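User: I would like to go through the labels used for this model and see what each of them rests on. Please set the values against the definitions as we go.

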Amino acid sequence: MEQSQSLGSPSAPEREPGAEASATAPKRVYTFPKEEHLCRKKLIEQLFSKQGSSFGVYPLRLTWFPAPAFTTAPPQVLVSVPKRTFKRAVDRNRLKRLLREVYRLNKHRLTEAEGGHPVALLGILYTGKEKSELPLLEKKLISGLKRLLAESSVQPAP
């Protein structure tokens, strides 16, 4: 009888340390839902139009289209690896998977920026000639996102 009564909720000493502190702090959501994927052809054309801006952080190229106002909502993102450079679909798919994972884990740098960010559409293009690994891609994407936020020319669209 005594054992069945002790199976309920854990008492105060049995709880994990810091559990209460983490409940009050805002939690980051490390997801990349379908709504954040850039799929519409019209929006893709808009991203690569003359109104969009871009810069390179080898082996990546970041292209973005400004939003009408600063926002904290995540932008719609396009990830692309060229078929011309990587003939085998297995290689292209692996690089795209790695890029999506790196973005998913680091998009908070963009969405949690102080005062918001002016990016509505974002394209992450792989321009390297060789296959890269996760740590290098993460380092380059982080530096690219920092540069994107620091760009003085990044202003909301009129």
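User: What makes Ser80 part of a strand, and why is Ser80 called partly exposed?

Analyst: Ser80 lies in strand 3, residues 76–80, where strands are DSSP runs of E with at least two residues and helices are runs of H or I with at least four, both numbered from the N terminus. Its relative accessible area is 28%, and since buried means under 20%, exposed over 50% and partly exposed in between, with a 1.4 Å probe and protein chains only, Ser80 counts as partly exposed. This is a predicted model, in which local features need pLDDT of at least 70 and side-chain atom pairs count only at pLDDT 80 or more, while totals for chains, interfaces and linings use all residues. Residues are numbered from 1 along each chain as its sequence is written, and side-chain values use heavy atoms, with hydrogens and water left out.

User: Which residues does Ser80 touch, leaving aside those up to four places away in sequence?

Analyst: Ser80 touches Ile124, Leu125 and Tyr126, a contact meaning heavy atoms within 4.5 Å.

User: What makes strand 1 and strand 3 edge strands?

Analyst: The open sheet has four strands in the order 1-2-4-3, with mixed pairing. Strand 1 (53–57) and strand 3 each pair on one side only, where two strands pair if DSSP finds at least two bridges between them.

User: How do you know that strand 2 and strand 4 pair, and in which sense?

Analyst: Strand 2 (residues 60–71) and strand 4 (residues 117–126) are joined over eight bridges in the antiparallel sense, and Thr71 stands opposite His117 in strand 4.

User: Why is the pair of Phe55 and Trp64 called edge-to-face?

Analyst: A search of the whole structure finds three aromatic pairs, and one of them joins Phe32 and Tyr103, edge-to-face with 5.4 Å centre to centre and 70 degrees between the planes. Phe32 lies in the loop between helix 2 (19–24) and helix 3 (41–47) and Tyr103 in helix 4, so this pair ties together parts that are 71 residues apart in sequence. For Phe55 and Trp64 the ring centres are 5.5 Å apart and the planes stand at 65 degrees, so that pair is edge-to-face as well; rings of Phe, Tyr and Trp (its six-membered ring) pair if their centres lie within 6.5 Å, and planes under 30 degrees apart count as stacked, over 60 as edge-to-face and the rest as tilted.

User: Are Phe55 and Trp64 buried or exposed?

Analyst: Phe55 is buried because its relative accessible area is 4%, and Trp64 counts as buried at 3%.
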